[in-house]
Amino acid sequence: MKFRSILSLLLSGALLAGCGASDPPAGPAESDLPEISVPPAEEPLTANGIAGRLLALESAGRPEENVILSPLSIEMALAMTANGAGGAAEEALTGLFGRTAEELNAVLGGDRPGDETLFIANSMWYNQELAGEMDEAFRSLLSDVYGAREGSFRPGSAASAREINAWVSQATRGRINSIVEQSDLTRDTLALLVNALYFDGRWTDPFTGSQVRQGQFTSAGGGLSEAEFMSGQVNDYFETGQAVGFAKAYENGYEFVAVLPREEESPDLFALDLDAFLDSRTGAYDVAVKIPKFEAEYSASLKRTLKGLGLEALFEDGALNGMLKEDSGLSAQVSDVIHKTYMRMYEEGTEAAAVTGVIVDAASAPAEPRKVKEVFLDRPFAFLILDRTTGQAVFCGVINEI
């Protein structure tokens with residue numbers, strides 16, 4: 001199926017970043033990170049091209065942190081959002097993914113094949129006070145195409161935040177326990193669109209206890225830390241002028257792909273041609289490998305990264321007016337995109353989870369600029385004093401002098 005082919009590519013991208021040996025220290029606040037932009041692609045990016053660019057942008061400003069993303073989760077959340085986009089926002093999404101909203105729906109929505117490795121869930125939560133302003137066709141589409149569970153929230157409600165976060169925890173098997181804070185649910189919050197993934201990848205050839213040995217991991221900053229390494233042999237090898245790597249298979253058609261830069265430093269993700277790297281696959285060698293055991297989490301706002309990808313228009317007034325009734329008098333746009341991930345690499349395989357939440361705000365639509373007329377009663381004038389209910393003139397007169 002189309003869904004399965006793009007799924008394999010995007011999940012491979014999601015598993016490239018988790019190569020640290022311990023949980024990351026607290027990183028810089030989003031507002032402290034530099035604005036990053038890259039030249040627009042000359043043609044629509046491939047699924048792996050999007051994964052590589054996402055990872056490069058998100059890693060910028062975090063040179064010594066672990067960064068773990070799920071491009072699939074991000075794309076599914078944005079695909080749901082695209083169904084309400086218009087104008088420049090719609091054009092930006094189509095340009096990035098090389099597909100219209102309808103085409104994304106065909107690839108990412110609909111019935112999904114049975115899969116014991118990957119679980120996917122979607123949901124939409126709308127503001128109870130603004131429910132009457134939302135377009136029914138939009139809500140129905142998310143339910144019908146993406147199987148989105150529909151719920152509502154009360155602005156400022158701790159109970160509503162708990163309900164949303166309980167859904168997240170259930171969808172990720174308890175690995176991610178929240179996506180919103182009570183403070184995120186304001187009177188201006190129109191809706192929250194959420195994708196959740198849970199991945200339970202079991203190696204086709206798991207490591208045994210005798211294959212696990214202590215060793216040292218050299219961090220991006222040059223420090224050494226003790227780690228447990230799983231050692232074995234695989235047959236899929238990658239090599240380009242930038243990096244070498246290998247693939248190790250999971251059950252049900254997934255694989256872990258490792259990318260090791262030739263220089264002993266963090267990968268230059270902006271320079272890495274991920275498609276060329278994956279195209280270099282060969283089975284001509286017996287490849288001795290070591291994979292560190294680790295458990296890590298990541299959480300960030302993707303606003304800076306998505307703007308760097310060319311999606312600035314999503315955050316501008318009116319970008320998502322397709323979510324609203326035409327006569328709502330409101331203007332809708334993305335206020336933030338929150339992304340959280342979890343990953344555990346161990347002898348039996350890899351356990352991972354991801355959640356992406358698109359927070360949509362709505363406010364009164366900006367009024368059209370009004371023409372200014374001047375009426376200065378600085379010369380003779382007439383007047384009426386009217387009963388506005390009946391239209392009866394109570395007084396009338398002419399003023400010729402003051």
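Because the model is predicted, local features are reported where pLDDT is at least 70, and side-chain atom pairs count only at pLDDT 80 or more, whereas totals for chains, interfaces and linings use all residues. Residues are numbered from 1 along each chain as its sequence is written, and side-chain values use heavy atoms, with hydrogens and water left out.

The protein contains nine helices and 14 strands, where helices (H or I, at least four residues) and strands (E, at least two) are DSSP runs numbered from the N terminus. Of the 402 residues in the protein, 47% are buried; buried means under 20% relative accessible area, exposed means over 50%, and partly exposed lies in between, with a 1.4 Å probe and protein chains only. The protein exposes about 20100 Å², of which carbon and sulfur atoms supply 48%, with accessible areas taken from the Shrake-Rupley method with a 1.4 Å probe and, for residues, only the protein chains shown counting as cover. Among contacts (heavy atoms within 4.5 Å) between residues at least 6 apart in sequence, 73% join residues at least 24 apart.

Side chains of opposite charge can pair when their charged atoms come close. A search of the whole structure finds twelve salt bridges, each defined as a side-chain nitrogen of Lys or Arg within 4 Å of a carboxyl oxygen of Asp or Glu. One of them joins Arg-187 to Glu-129, with the closest N and O atoms 2.7 Å apart. This pair links distant parts of the chain, 58 residues apart, since Arg-187 is in the loop between helix H7 (158-171) and strand E3 (189-202), and Glu-129 is in the loop between strand E1 (118-127) and helix H6 (136-146). Arg-187 is exposed, at 58% relative accessibility, whereas Glu-129 is partly exposed, at 48%.

A salt bridge also forms between Glu-150 and Arg-139, whose closest N and O atoms are 2.6 Å apart. Glu-150 belongs to strand E2 (residues 149-153) and Arg-139 to helix H6, so the pair ties together parts that are eleven residues apart in sequence. Glu-150 is partly exposed, with a relative accessible area of 35%, while Arg-139 counts as buried at 11%. Together with Glu-136, these two residues, Arg-139 and Glu-150, are linked in a network of salt bridges.

Arg-344 is found in strand E11 (residues 330-346) and counts as partly exposed, at 24% relative accessibility. Leaving aside residues up to four places away in sequence, Arg-344 touches Arg-175, Phe-294, Glu-295, Gly-349, Thr-350 and Glu-351. The C-alpha atoms of Arg-344 and Glu-297 are separated by 8.9 Å, although these residues are 47 residues apart along the chain.
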